[in-house]
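Dear colleague,

Please find the structure below, followed by an account of what was found in it. I would be grateful if you would read the two side by side.

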There are 2 protein chains.
Amino acid sequence: MRIDGLQYANWSEKIFRQLREGGVDAVHVTIAYHENFRETVLNFEKWNRWFEQYPDLIMKGLWASDIDTARETGRTAIFFGFQNPSPIEDNIGLVEIVHTLGARFMQLTYNNQSLLATGCYEAEDTGITRMGRQVIKEMNRVGLVVDMSHSADRSTIEAAELSERPIAITHANPHEWAPALRNKRDDVIRAVTENGGMLGFSAYPHHLKAKSECTLESFCEMIARTAEKYGVQSLGIGTDLCQDQPDSVVEWMRVGRWTKQIDYGEGSASNPGFPPMPEWFRDNRDFGQIENGLQKTGMSDEEVAGIMGLNWYRFFAENFGPMQP
Amino acid sequence: MRIDGLQYANWSEKIFRQLREGGVDAVHVTIAYHENFRETVLNFEKWNRWFEQYPDLIMKGLWASDIDTARETGRTAIFFGFQNPSPIEDNIGLVEIVHTLGARFMQLTYNNQSLLATGCYEAEDTGITRMGRQVIKEMNRVGLVVDMSHSADRSTIEAAELSERPIAITHANPHEWAPALRNKRDDVIRAVTENGGMLGFSAYPHHLKAKSECTLESFCEMIARTAEKYGVQSLGIGTDLCQDQPDSVVEWMRVGRWTKQIDYGEGSASNPGFPPMPEWFRDNRDFGQIENGLQKTGMSDEEVAGIMGLNWYRFFAENFGPMQP
């Protein structure tokens with residue numbers, strides 16, 4: 001079973017076919033960065049059209065059991081998530097509404113301070129806000145997973161502790177391996193995984209040691225060491241693949257409508273666009289390479305199978321439905 | 001089994017308890033008259049709060065099987081509908097979105113011309129529009145029932161013929177019994193019922209012979225005669241109960257935001273508000289009176305059970321899910 005914990009591609013029939021070629025059974029796709037509720041609904045609509053147009057390649061994913069259906073019918077189950085809480089605006093009632101529409105992950109922040117928490121690019125991290133505490137409780141109730149990939153450290157640790165259900169960092173790597181601002185320090189990963197949460201390893205070059213030049217061996221060794229440290233059951237893949245996106249999209253991701261100045265995020269003035277992917281993960285057809293690379297680290301077949309998909313499967317099964325009393 | 005095909009009450013714990021006292025297993029409730037999409041979402045949210053607050057009295061109804069669950073647990077299943085297509089605005093993609101959120105009925109018009117069809121108060125009826133044809137097809141696909149209660153005759157007949165699935169008049173009576181503008185002529189009822197559709201009998205005084213003075217005997221005799229004429233399997237109850245609503249609400253229903261002038265609809269300058277209900281149907285506790293009245297007409301127990309709920313149950317079971325190929 002192969003599950004990717006995050007992608008934001010410029011979706012097309014070509015990419016849907018590549019998902020099938022790569023044997024990807026399920027993928028968590030971002031459908032909102034800075035969109036408000038009404039705009040996010042347009043993105044749900046766009047996916048509904050794709051589900052109608054490509055019924056033999058993809059299907060809507062709501063529950064882990066949909067992954068079984070996808071596997072039985074040779075399709076990829078698409079699960080939705082937001083990288084920012086902008087779709088719920090200032091309205092806690094929208095948490096249940098977006099869950100009903102199919103959202104399964106929501107980041108509490110995207111780089112900046114939000115109404116709920118502090119993003120990883122702010123100078124000061126004040127932790128979870130008053131509204132943030134209420135929204136985490138509501139997300140727990142309905143089964144919308146707290147994702148802290150782009151959040152600051154204190155906010156992430158507080159979210160892991162406040163949340164009554166496990167949370168996730170869907171796409172990031174350990175900071176000690178590649179000291180990017182977006183990668184996570186030991187105490188952050190520990191807080192998330194000790195509470196049953198998941199870390200999805202990113203193949204986005206800005207999160208890799210040596211960036212686009214990172215070797216498959218280095219990436220897989222890092223995963224093996226992380227498994228030894230935090231337990232393999234908390235780990236999965238979250239490639240952050242942004243395939244076929246024009247550079248205007250990375251600008252939208254970074255600046256949204258919150259600034260009139262350019263913000264380069266993890267890039268720079270000399271390197272403002274999407275970086276080239278490492279040669280061992282160009283697109284969805286390359287999941288087999290990661291799987292082979294993991295096998296060569298000496299991890300057992302069971303451990304590799306967990307990282308490639310079974311750990312996300314179990315996490316989906318336990319966390320997407322209403323909280324049991 | 002008791003199912004009411006339409007209500008628009010000023011909902012409260014009191015009314016939820018009365019639903020239980022009256023043995024109402026399911027009710028189709030209006031959650032939009034003139035609301036746009038975003039406003040309609042606020043109404044879904046309001047109901048989500050009620051489902052949380054009164055879990056022992058009510059539950060969200062999505063499928064006929066939810067009525068079984070409601071009966072097993074002593075609750076009333078609440079099914080949602082719109083009296084106007086305003087929630088989908090000019091966007092066909094919103095048909096699936098509102099169905100996902102729980103909408104199960106949508107009127108193509110509310111008295112006036114809409115983007116889809118002609119309402120019963122217009123001087124001329126031009127039938128189903130270009131967008132209307134597309135939206136009916138989409139409603140058929142996802143399982144959102146076309147309701148023509150407030151539509152003009154030609155539009156209704158065309159909708160019954162164009163729709164690949166049965167349609168409904170959730171709340172109206174035969175025009176030959178009570179010649180109100182909102183009641184339906186023979187050829188309209190015939191077009192709807194011949195195509196497997198349903199007519200729900202209204203207890204709203206403006207739709208009754210002798211209005212608030214209408215007797216239970218007259219109402220039930222009318223139902224028995226209608227059953228002889230069109231077949232009992234196409235008939236149910238749709239009381240149009242607007243309990244505890246202030247008169248400002250009937251004004252909102254009639255004028256929305258489409259006019260600055262007052263429009264009295266079925267009322268008049270001297271009688272602008274909600275009319276008093278007939279003494280035999282004051283509120284949800286009185287469903288037993290209708291059932292008794294129907295039994296006295298000489299209809300069989302099976303026929304009465306069909307009208308009181310089983311016919312709607314079958315209709316819900318066949319028409320709320322995606323269209324089978």
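In this predicted model, chain B is superposed on chain A by a rotation of 180° with 0.0 Å of shift along its axis, at an RMSD of 0.0 Å (least squares on the C-alpha atoms of residues with pLDDT of at least 70 in both copies). That is the relation of a two-fold axis. The same surface serves both copies, as 100% of the contact residues of chain B recur in chain A.

Ten residues of chain B are in contact with ten residues of chain A (contact: C-beta atoms, placed from the backbone, within 7 Å). On the side of chain B that touches chain A, helix H2 (37-53) and helix H4 (93-101) each supply at least two residues (helices are DSSP runs of H or I, at least four residues, numbered from the N terminus). That side of chain B comprises four nonpolar, three polar and three charged residues (Ala, Val, Leu, Ile, Met, Phe, Trp, Tyr, Cys and Pro are nonpolar; Asp, Glu, Lys and Arg charged; the others, Gly among them, polar).

The axes of H2(A) and H4(B) come within 9 Å and cross at roughly 100° (lines fitted to C-alpha atoms over the stretch in contact, with angles from 0 to 180 degrees between N-to-C directions). H2(A) and H4(B) are therefore roughly perpendicular (65 to 115 degrees). H2(A) contributes Val41(A), Phe44(A), Glu45(A) and Asn48(A), and H4(B) contributes Gly93(B), Glu96(B) and Ile97(B).

Residues are numbered from 1 along each chain as its sequence is written, and chains are lettered from A and ligands numbered from 1 in the order in which they are written. In this predicted model, local features need pLDDT of at least 70 and side-chain atom pairs count only at pLDDT 80 or more, while totals for chains, interfaces and linings use all residues.

Yours sincerely

Definitions and conventions
Contact = placed C-beta atoms within 7 Å. Parallel < 35°, antiparallel > 145°, perpendicular 65-115°, else oblique.
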